[in-house]
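Student: I am new to this structure and would like to learn how to read it. Could you walk me through it, feature by feature?

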Amino acid sequence: MTQKVAVLGTGKIGEALLSGMIRAGWPKKDLLVTARRPERAAELRERYGVEAVSNAEAAKTADTLILTVKPQDMGRLLDELAPHVPADRLVVSGAAGIPTAFFEERLAPGTPVVRVMTNTPALVDEAMSVISAGSHATEEHLAHTEEIFNGVGKTLRVPEAQQDAATALSGSGPAYFYFLVEAMTDAGILLGLPRDKAHDLIVQAAIGAAVMLRDSGEHPVKLREAVTSPAGTTISAIRELESHGVRAALIAALEAARDRSRELASGQG
């Protein structure tokens with residue numbers, strides 16, 4: 001925690017990461033932020049007591065640069081940074097679909113790059129951050145990246161070839177659960193419950209199920225079977241889910257998300 005870290009393009013995820021690092025004990029004097037709008041930079045400075053600088057100043061000063069801008073803005077940011085980033089800087093990218101080679105081609109030869117796909121539960125310190133090394137990143141670089149992202153949840157290392165799949169499953173994953181909760185809430189209303197009560201019932205069921213999945217070590221099939229009595233209510237519902245192709249629809253949805261991640265990587269809009 002003695003190295004200077006700069007978060008560039010500090011939006012919601014960047015701010016969540018910044019606040020998580022502070023809670024994890026990173027000295028504020030070692031943290032820098034950049035933002036496109038001066039008023040946003042001033043807001044971050046006042047809220048967290050960190051220094052707000054330009055992108056060029058961050059590149060010159062920080063040991064680690066965390067790039068949290070949108071994928072479509074990454075090329076322009078790299079053009080701005082390239083003249084100022086020495087080859088010993090660690091560059092961490094949080095942009096969906098952009099491979100480490102994209103950064104290595106635009107920065108000084110030998111620059112270590114680590115690719116990370118996190119997700120929005122970083123805002124409540126429950127993120128899943130998937131980490132992959134570029135061709136010049138070492139074990140030390142990966143460990144340092146894990147140290148940063150562990151402040152907002154859990155981390156998992158995967159080969160970069162698996163990043164598009166991880167993006168589909170985990171990066172976009174919270175949205176699928178929100179979609180499911182929305183649909184189940186509507187069902188609860190149809191069955192006669194007030195919206196707020198239907199919402200509370202479903203959210204607590206989701207939290208309880210997630211904790212059991214995490215802590216029990218049991219396969220989800222076994223946990224589901226424990227709820228599914230012969231000729232009971234649950235098996236009747238499961239039969240309807242299967243007859244409507246919900247499992248196949250989920251698989252198709254994740255394949256579509258993976259394919260879109262690949263399109264982003266190839267520069268297709």
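Tutor: Gladly! Two strands are said to pair if DSSP finds at least two bridges between them. Val-92 also has a bridge partner in S6, namely Val-114.

Student: Before we go on, what should I know about the model and its numbering?

Tutor: This is a predicted model, in which local features need pLDDT of at least 70, side-chain atom pairs count only at pLDDT 80 or more, and totals for chains, interfaces and linings use all residues. Residues are numbered from 1 along each chain as its sequence is written, and side-chain values use heavy atoms, with hydrogens and water left out.

Student: How many helices and strands does the protein chain have?

Tutor: There are 12 helices and eight strands in the protein chain. Helices (H or I, at least four residues) and strands (E, at least two) are DSSP runs, numbered from the N terminus. The C-alpha trace spans about 70 × 40 × 35 Å along its principal axes.

Student: In what order do the strands lie in the sheet?

Tutor: The open sheet of eight strands runs S3-S2-S1-S4-S5-S6-S7-S8, with mixed pairing. Its edge strands are strand S3 (51-52) and S8, each pairing on one side only. Helix H4 (residues 71-81) packs on the sheet, touching strand S1 (5-8), strand S4 (64-67) and S5. Here contact means heavy atoms within 4.5 Å. The direction of H4 makes about 155 degrees with that of S4.

Student: Which way do the side chains of S6 point?

Tutor: The general idea is that in a regular strand the side chains alternate between the two faces of the sheet. In S6, Val-113, Arg-115 and Met-117 point one way and Val-114 and Val-116 the other way, and all are buried. Buried means under 20% relative accessible area, exposed over 50%, and partly exposed in between (1.4 Å probe, protein chains only). Over the protein chain of 269 residues, 38% count as buried.

Student: And how does S7 pair with its neighbours?

Tutor: Look at both sides of S7. Strand S6 (residues 113-117) and S7 pair in the antiparallel sense over four bridges, with Met-117 opposite Val-130 in S7. S7 and strand S8 (residues 153-157) pair in the parallel sense over five bridges, and here Val-130 stands opposite Leu-156 in S8. Strand S7 (residues 127-133) is mostly covered, with five of its seven residues buried.

Student: Now the helices, please. At what angle do H7 and H12 pack?

Tutor: Two packed helices are described by the angle between their axes and the distance between the axes. Axes are lines fitted to C-alpha atoms, for helices over the stretch in contact, and angles run from 0 to 180 degrees between N-to-C directions. Helix H7 (residues 163-171) and helix H12 (residues 246-265) pack at about 130 degrees, with their axes 8 Å apart. That makes H7 oblique to H12. Angles under 35 degrees count as roughly parallel, over 145 as roughly antiparallel, 65 to 115 as roughly perpendicular and the rest as oblique.

Student: Which residues meet there?

Tutor: From H7 come Asp-164, Ala-165, Thr-167, Ala-168 and Leu-169, which meet Leu-254, Ala-257, Arg-258, Ser-261 and Arg-262 in H12. By class, this contact of H7 with H12 has five nonpolar, two polar and three charged residues. Ala, Val, Leu, Ile, Met, Phe, Trp, Tyr, Cys and Pro count as nonpolar, Asp, Glu, Lys and Arg as charged, and the others, Gly among them, as polar.

Student: Finally, is Leu-213 buried or partly exposed?

Tutor: Leu-213 counts as partly exposed because its relative accessibility is 43%. You will find Leu-213 in helix H9 (residues 195-216). Leaving aside neighbours within four places in sequence, Leu-213 is in contact with Pro-220 and Leu-223. The C-alpha atoms of Leu-213 and Leu-223 are separated by 7.9 Å.
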